[in-house]
Amino acid sequence: MTTVVAPMSGGPEVLVEQQAPVPEPSATQLSVRNIATGVNFIETYQRSGVYDVKHPFTPGSEAVGVVVAAGSRVTHARVGDRIATSQASATYAEYFLVEDDEAVRLPEGIDPKEGACLPLQGVTAHYLVRSTYPVGASDTVLFHAGAGGVGGLAIQLIKNLGAKVIATVSTDEKEEIARRHGADHVVRYENFADEVRELTDGRGVDVVYDSVGKATFEDSLTTLRPRGVAVLFGGASGQVPPFDLQRLNAMGSLYVTRPSIGAYLRDRRELEWRMNELFDDVLAGRLKVSLDTTFPLTEAGRAHQYLEDRKTRGKVLLQP
């Protein structure tokens, strides 16, 4: 089979095509023929050396595919099932392995490319608005990067819950995208804190979701009402430097949390709850998936460059 490997850390050009045997599943694993793989920023960090990985390294954790073999203790899937996962490994390949407990069946009626947009970005949006801070109908929410993959899905989920959304974007084009997702107000990053205060009549928002990090975090805190919640779930502009927690007292007894997907997929029940709610919303027309573009598997380096150049307007996939 064809697989994509990084033999060493470096730029997108280190990702090269190699041939490898089709992997054999263990007793608890599925062997899956890949249909579409999600490309995510964590893989650019792994490739570049920001995160330590063992080389040679095949990136990828998110994919949709068809089960071609199942281990003897598998209980949730059968050969021929279409499955979706964000918890596999080495999915930049024509075939990959995943634990049976970490994959869910893709329902009929959902296109595989749609399905491949949901396991990571969709689940992230879900845990942010349903668990990290459970958004209610009376809430006003600030969501940074409202035209991005997570932002676009989260805005729709928030609106389905009846809340009001203020989104930040960087361009007119992205403003239009955020409005299509359902944002009530869209502001630029420049002076966003002042605009949010004005839009909320000085009250502030109940929660701010911030994946930008270093460039926005300080101002994000100033947009919150007393006892408001700042949810920092990424660092696209760089990591937030060390922070004096005593400042949260002076700013109105604020809360800050730094969630990650693993803590919100603790068991099979939680995985099925999140994925099935997303699938139900797609099938009912309440959630529109934003697929930006698809690259051939062998052009994974170009896909990484596309992400790193901040050209994305939704999900980026690889297809064998």
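Start by selecting Ala36, which sits in strand E3 (residues 29–38). Is Ala36 buried or exposed? With a relative accessible area of 0%, Ala36 is buried. That label means under 20% relative accessible area, while exposed means over 50% and partly exposed is anything in between (1.4 Å probe, protein chains only).

A quick word on what you're looking at. This is a predicted model, where local features need pLDDT of at least 70 and side-chain atom pairs count only at pLDDT 80 or more, though totals for chains, interfaces and linings use all residues. Residues are numbered from 1 along each chain as its sequence is written, and side-chain values use heavy atoms, with hydrogens and water left out.

Next stop: the loop between helix H1 (41–48) and strand E4 (63–70), where you'll find Val50. Val50 is exposed, at 56% relative accessible area. Select Ile42 and Tyr51 along with Val50, and you have a nonpolar patch on the surface, with about 270 Å² of accessible area together. Patches take residues with over 30% relative accessible area and no salt bridge, joining like charges within 9 Å and nonpolar side chains (Val, Leu, Ile, Met, Phe, Trp, Tyr) within 5 Å. The areas come from the Shrake-Rupley method with a 1.4 Å probe, and for residues only the protein chains shown count as cover.

Stay in the loop between H1 and E4 and click Pro56. The peptide bond from His55 to Pro56 is cis, with omega near 0 degrees.

Ala90, in the loop between strand E5 (82–85) and strand E6 (95–99), has a positive phi of about 55 degrees although it is not a glycine. Ala90 is partly exposed, at 28% relative accessible area. Then hop to Arg227 in strand E12 (residues 224–232). Arg227 isn't a glycine either, yet its phi is positive, about 65 degrees. With a relative accessible area of 58%, Arg227 is exposed.

How many salt bridges does a search of the whole structure find? The search finds 16, each one a side-chain nitrogen of Lys or Arg within 4 Å of a carboxyl oxygen of Asp or Glu.

Select Arg130 and Glu277 and show their side chains: they meet in a salt bridge at 3.0 Å, N to O. Arg130 lies in helix H3 (residues 121–132) and Glu277 in helix H9, so the pair ties together parts that are 147 residues apart in sequence. Arg130 is partly exposed at 32% relative accessibility, and Glu277 is partly exposed at 26%.

Glu270 counts as buried, at 10% relative accessibility. Its side chain reaches the backbone nitrogen of Arg266 at 2.9 Å. Also show Glu272 and Arg268, whose side chains meet in a salt bridge (2.9 Å, N to O). They're four residues apart in helix H9, which means about one helical turn separates them. Glu272 is partly exposed at 30% relative accessible area, whereas Arg268 is buried at 16%. Elsewhere, select Asp172, Glu175, Arg179 and Arg188: salt bridges that share partners join them into one network.

For the last stop, select Asp194, Glu195, Glu198, Asp201 and Asp219, which gather in a patch of negative charge on the surface. In this count Asp and Glu are negative, Lys and Arg are positive, and His and the chain ends are not counted; each charge is placed at NZ of Lys, CZ of Arg, CG of Asp or CD of Glu. Which helix gives the largest share of the negative patch? Helix H6 (residues 192–199) does, with three residues. Finish on Asp219, in helix H7 (residues 217–222): Asp219 is partly exposed, at 40% relative accessible area.

Terms used
Helix = DSSP H or I, 4+ residues; strand = E, 2+ residues; numbered from the N terminus. Polar contact = N/O pair within 3.5 Å; in protein donor to acceptor, adjacent residues only side chain to side chain.
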